[in-house]
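Subject: Structure handover and notes

Dear colleague,

Please look at it first and then read on.

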Amino acid sequence: MRVVRSLLFYVAFYGGSVFGVLAVFLALPFGAKAFRKAIRGWSGFHRSCARALLGIDVAVEGDPRPLDEPVLYAMKHESFYEAIDLTMSLHEPGVFAKEELFRIPGWGRLGIIYGLVPVARGRGASTLRKMLSAARRLTAEGRPLVIFPEGTRVPHGARAPLQSGFAGLYKLVGLPVVPVAVNSGPLYHRQWKRSGTLTYRFGEPIPPGLPREEVEQRVLEAINALNQ
């Protein structure tokens, strides 16, 4: 049954995404609001397909928007589900993503227009300056920031060290950090996907200005809170 449900999902979502991407391109001339609405529509289509065809429901624990001021969300990354779902779980976030994703024809350009920020790991200070500039621009628009501090997908139950870019960004932007734990791996990060409840657990805000070791430890504990 899982095989059949997964195959139906692949056909419905990826087939429907052709029209979703077309809708996004058609929305471009109508301004940022229409463009972001089209992106959210595609993200909502993905969530609906996952719920109807895979039996994956979404539960939210904690407060997704705990503060009236801009925040930096540090999110666990176990599968593509939470990446595609970002515009559903958060309001028009600006997202720091690895540079390789922006080489995908068409998608990379759309991502930059939306507010995705390429992160070139290994380039040190120059990358951090670009991240800071983008962060200031996005927060000035009233948009939250999102970073996957581990830098890549991590299997459920595993703990990976945080990339140095997180600590550098945290220090420079001076924003509270809201850690987000996710348990999507056992359900979605597999060829034949499973039904169940995918949980986002939003932790308590971590204030700016803490020493690197302390903020990294607090974030690491919080984003792995659903590992058990």
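The notes below go through a pair of helices, then one further helix, and then several single residues.

Please keep in mind throughout that this is a predicted model.

An unreviewed UniProt entry places the feature "transmembrane region" at residues 7-30. Two packed helices are described by the angle between their axes and the distance between the axes. For helix H1 (residues 2-27) and helix H2 (residues 32-54), that angle is about 170° and the axes are 9 Å apart, which makes H1 roughly antiparallel to H2, since angles over 145 degrees are counted in that way. On the H1 side the residues that meet H2 include Arg5, Leu8, Phe9, Phe13, Gly16 and Gly20, and among their counterparts in H2 are Phe35, Ile39, Trp42, Phe45 and His46. Taken by residue class, the contact of H1 with H2 divides into 17 nonpolar, 5 polar and 1 charged.

Helix H7 and what covers it

In helix H7 (residues 164-173), the buried residues are Phe166, Ala167, Gly168, Leu169, Tyr170 and Val173. Their cover includes strand S2 (72-75), strand S3 (94-98), strand S5 (145-147) and strand S6 (177-182), together with the helices H6 and H9. Just after H7, the chain reaches Gly174, where phi is positive, at about 65°.

Because its relative accessible area is 2%, under the 20% cut-off, Met131 counts as buried. Leaving aside neighbours within four places in sequence, Met131 is in contact with Leu169 and Gly165, and also with Phe96, Val117, Val119 and Ile147. From Met131 to Arg109 there are 22 residues in sequence and 17 Å in space, taken from C-alpha to C-alpha.

Asn224, after helix H9

Is Asn224 buried or exposed? Asn224 is found in the segment after helix H9 (212-223), and its relative accessible area of 6% is under 20%, so Asn224 is buried. The side chain of Asn224 is joined to that of Lys76 by a polar contact of 2.7 Å. Apart from neighbours within four places in sequence, Asn224 is in contact with Glu150, Ala158 and Arg159 as well as Lys76.

Ala83 is found in helix H3 (residues 80-84), and with a relative accessible area of 32% Ala83 is partly exposed. Once neighbours within four places in sequence are left aside, the residues in contact with Ala83 are His77 and Phe148. Along the chain Ala83 and Gly111 are 28 residues apart, while their C-alpha atoms are separated by 12 Å.

Most residues other than glycine have a negative phi. Glu92, although not a glycine, has a positive phi of about 45°. Glu92 is found in the loop between helix H4 (86-89) and S3, and its relative accessible area of 24% makes Glu92 partly exposed.

Notes. Residues numbered from 1 in each chain as written. Predicted model: local features only at pLDDT ≥ 70, side-chain atom pairs only at ≥ 80, totals over all residues. Heavy atoms only, no water. Helix = DSSP H or I, 4+ residues; strand = E, 2+ residues; numbered from the N terminus. Buried < 20%, exposed > 50% of the residue type's maximum accessible area, 1.4 Å probe, protein only. Polar contact = N/O pair within 3.5 Å; in protein donor to acceptor, adjacent residues only side chain to side chain. Contact = heavy atoms within 4.5 Å. UniProt positions renumbered as here; feature names shortened; annotations may be inferred. Axes fitted to C-alpha atoms, helices over the stretch in contact; angles between N-to-C directions. Parallel < 35°, antiparallel > 145°, perpendicular 65-115°, else oblique. Nonpolar A, V, L, I, M, F, W, Y, C, P; charged D, E, K, R; others polar.
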